[in-house]
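Have the structure open as you read.

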Amino acid sequence: MDAFGYLSVLLSIILGLAITQVLQGIGKLLTARARVTFYWPPIVIALVLLIGFTQSWWAMFGLRNHQDWTFLGFFVVILQTIFAYLMAALVLPDFQLEIGVDMRSNYYAHSRWLFLMVIGQTLTSLLKDVVLDGHLPERMNVGFHLFWIALAAGAASTRREWFHKALALVAAVVNVLYIGLLFARLR
């Protein structure tokens, strides 16, 4: 087994847990629907995260050609997946712990931390390229990263409902554009 094959096991496990966390949240949302006060932005954001986690796993295949692995390089890559898991843990309520769930209240109770994790993951994604390759990714990729950081910083700093509703829709569209423009094919 080569180094990437060995290291990718742990990355895949953590990303798999993040995906599982979101899917379980959606499943519990469906089964607890009678006692849930719905609020659509976290549902859209959960779906965006689900697609984003899948894209992250897809993009990490590009690391297979990296030969000079160091602990720092691997730690930065794994930190990106840790942030993904933490986002998954924050986006939807834990339906087992509450008798009645108000998704709006739950979302705003956790939104600041959720979007700080988005910033952390996005910065770590940029840092990964610097640590592993010695430079930032291509310009368009950096532009998308900066857009995500600005959007998440806005969301972390405000509780204005209109902003969070717009953010959910913009995030969905931008995520599709990001994947379509930069990651449509496995590299």
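With 187 residues, a compact globule would have a radius of gyration near 16 Å, and the protein chain has 17 Å, which agrees; the radius is taken over C-alpha atoms, and the globule rule is 2.2 Å times the number of residues to the power 0.38. Those C-alpha atoms fill a box of roughly 50 × 35 × 25 Å along the principal axes.

A word on the ground rules: this is a predicted model, where local features need pLDDT of at least 70, side-chain atom pairs count only at pLDDT 80 or more, and totals for chains, interfaces and linings use all residues. Residues are numbered from 1 along each chain as its sequence is written, and side-chain values use heavy atoms, leaving out hydrogens and water.

Now look inside. Of the 187 residues, 47% count as buried, meaning under 20% relative accessible area with a 1.4 Å probe, protein chains only. The largest nonpolar core has 54 residues; such a core is a set of buried Ala, Val, Leu, Ile, Met, Phe, Trp, Tyr and Cys residues joined through side-chain atoms within 4.5 Å. Its largest share, 9 residues, comes from α4. I45, F53, W69, M87, L114 and F115 have the most contacts inside this core.

Finally, find F115: setting aside neighbours within four places in sequence, F115 is in contact (heavy atoms within 4.5 Å) with I45, Y107, A152, A155, A156, H164 and L167.

Note on methods:
Buried < 20%, exposed > 50% of the residue type's maximum accessible area, 1.4 Å probe, protein only. Helix = DSSP H or I, 4+ residues; strand = E, 2+ residues; numbered from the N terminus.
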